Amino acid sequence: MAECHPVGFQWVMEAKARGAKVIHVDPRFTRTSALADLHVPLRAGTDIAFLGGIINYVLEQEKYFRDYIVAYSNAPVIVREDFQDTEDLAGVFSGLDTDSRSYDNTSWQYEGTEVQAPSGELDEEDDKGVKGGDDSRSVTEAARGEAHGAGGAVIGEGEPERDETLTHPRCVFQVLKRHYARYTPEMVEQICGVPQDLFRQVCELLTENSGRDRTTAFAYAVGWTQHTVGVQYIRAAAVLQTLLGNIGRPGGGILALRGHASIQGSTDIPTLFNLLPGYIPMPHAHKNEDLDAFVEAEATHKGYWGNMRAYLVSLLKAYWGDAATEENDYCFDYLPRLTGSHSAYETTMAQLEGVCKGYFLVGENPAVGNANAKLMRLGMANLDWLVVRDFSLIESATWWKDGPEIETGELRTEDIGTEVFFLPAAAHTEKDGSFTNTQRLLQWHHQAVEPPGESRSDLWFAYHLGRLIREKLAGSTDDMDRPLLDLTWDYPTKGPIAEPDAEAVLAEINGHDAEGRPLSSYEQLKPDGSTACGCWIYCGVYADGVNQAARRKPGREQDWVAAEWAWAWPANRRILYNRASADPEGRPWSERKALVWWDPDKGEWSGHDVPDFKKDKSPGSEPSEGATGPEALSGKDPFIMQADGKAWLYVPSGITDGPLPVHYEPQDSPFQNLLYEQQRNPVRQVMPAKPDNRYQPSGDEPGSQVYPYVATTYRLTEHHTAGGMSRWQPYLAELQPEFFCEVSPELATERGLEHTGWATIVSARGVVEARVLVTDRMAPLTVQGRRLHQVGLPYHWGPNGYTTGDAANELLHLSLDPNTHIQEAKAFAVDIRPGRRPRGPASLELVRAYRARAGIDEHTGTEP
């Protein structure tokens, strides 16, 4: 966090100055480690084993917050009798279909209910456009979206059976205990390389600082997400934090550190292919799907996702205004439809297959920034056109003349048919707009200067592109053009370049009623078309016609919650699920950690934060029979976005790879899975094993030790992601002038590597060279009785800019997390040798020679 998120880390240091303990778990010793109370080096790719060991400690030592989990989690709920855990099935759950690489989650359900909702699996359309071509499927299946959104799965009719003594052998609590029983300190040491005494120190610090009077926060970044089990990493943290009572309370939670100032904003109003604004799922290209069918399938019956129709209809009204009417389903049919997964990597495959003909790159640089960067360039070489918008001439704009494949002879500039358009982008100082950070806090920034030359903002680009297309289509009678022509596209512009008014866009996102008055809360959204709102969770950011995100009241003039500094979604609430900060009767668990509480005299929830609950719903209130949406929750259900109002220690539906986190080895690993016979995540997403996307043998498989070292990629403070914002800055290039690799003195001796000399790093996908940094920061570990060395690779470099070098992402495979389709960049196996890499065709030959030694073919590593 100090290295990659230094602005946020200052608050960690302020907390430390007041007595907080800081634990840093990371394969490398970094700037964060130097300032932490405890640094825990571990083998990259083993965090679930580490977290699972802590969960086992919490359960065995009875360090969990019992009152919290009985009242607020699904710990007491009883699971169906036919459910089988990884303990029963050698590392997989019941319902696995190895042919389709997917789970049928029927057996995962609660006793007494049946979950109907999808588990996020991908539907691949057949030639009829419907999975399986079965027109008799239920409306629920036909309407199924690509993913849930934020609401979790729907729980079916009936009430699940419960045992609040937590002793029933099939209650979630007991299932959890059995599941993590083998995650012992000894096993953590063998798998992670973390000595038992150090591991126990972490367990003690964590549990001593959790409970009624104290809370602990977890902060993570892509070191947790970029794995074939990345979602389950976060789930493991959620299980642990729920057991300890650290959710919904001050100083608790799980914080996703974001790589840009507004990555949170780009998922809220999404750049993700499978979500609409506010985490509403995108509709799928199924037959017979109208608005009613979609809402019936995707909305929950209980909780705030029960109001999805109001959120979605208001969004459709924001998009299409007067054209969206009850008679035409509010233009629901105008929305694009998904035909399967359209993630970045599947899009690359579509480019290679000639299906995807054109591509926009806005603020990304896949030619060096994506996994298996070579495949990204080969895909772009197969396009008809490519639009690149960036600050600098990044590699994704110039690969056609100076990319590595030109040097190797795999591509020739004169043979590439892609027409590349480079359009310079305006920086944040050159435009108005908002950042939404990791705390869900919208902060407005004001334009300081006009963008130079032909540089333009993203807002200018999107608006004027839409305007020009609409002008070209004006007068069209083709029904296919109606969605574009009916869009509300009347944004005011200003200045010499006709820049759209960013505050007008913010006002549209906030929403308004039928008279055009700004809304102040998502509670005001209606399902009848009388409200319009571009993103329901942002409703209130423009309350009273005032830009709430632009507020800057100093901290000394308000309390510690600082509710008048900018605006946090939803409803300016600073801590989500804060009803959980009070006990079931509405009293704070402790005065020290008081946040919101029930005021019986006023008959409402009061406190320091905006209550995450109906203000007048008393702790003792029970829903009336047949109640739906928020009204179906009791006064003791704090997790209001969940279908049952509870935190889920166990997930019966909604995650593709299991109801509980499991340790699997990374796709390419030099070690066998000690916990289970199952080596890898059985439902990980394996992309086609093209010649340039070969997978490596793993564990005890022959050839695994051809790639004996574990590599991990990371960011530096001085550079930014794929380098497009930093390698063109002379002072930053001077601070970090060359691509380098970090190795331990022991590995340097073993492999003949010299400090500041050159090293060649090889995987089954590619070869790169880097300057050698011999450092104690990469401490060797003892794993499964043998010495493990890890290689650290910053990933900011490419051939363009003031500082140039090979891209670490040339080495990565395309085996992805099945829930999010994210690459496994944080744990993969390599070899390292002294000297510079070969040039031209000789570099290809070196990679092929390694593959031959390891016995790699198109089947290697692809089994479930």
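The UniProt record, in an unreviewed entry, lists residues 711–828 as "domain: Molybdopterin dinucleotide-binding"; such annotations may be inferred rather than shown by experiment, and positions follow the numbering used here. That span is 11% helix and 30% strand, and its end C-alpha atoms lie 5 Å apart. Helices are DSSP runs of H or I with at least four residues, strands runs of E with at least two, numbered from the N terminus.

A word on the model. It is predicted, so to speak of local features we need pLDDT of at least 70, side-chain atom pairs count only at pLDDT 80 or more, and totals for chains, interfaces and linings use all residues. Residues are numbered from 1 along each chain as its sequence is written, and side-chain values use heavy atoms, with hydrogens and water left out.

Now the interior. A nonpolar core here is a set of buried Ala, Val, Leu, Ile, Met, Phe, Trp, Tyr and Cys residues joined through side-chain atoms within 4.5 Å, where buried means under 20% relative accessible area (1.4 Å probe, protein chains only). The largest has 130 residues, and Phe50, Ile54, Leu243 and Leu312 have the most contacts inside it. Helix α3, residues 47–60, gives the most to this core, 9 residues. Contact means heavy atoms within 4.5 Å. Leaving out residues up to four places away in sequence, Phe50 touches Val25, Val40, Leu42, Val188, Cys192, Val194, Phe199 and Val202.

The contact between α7 and α8 is made by Pro185, Glu186, Val188 and Glu189 of α7 with Gln196, Phe199 and Arg200 of α8.

Definitions and conventions:
Buried means under 20% relative accessible area, exposed over 50%, partly exposed in between (1.4 Å probe, protein chains only).
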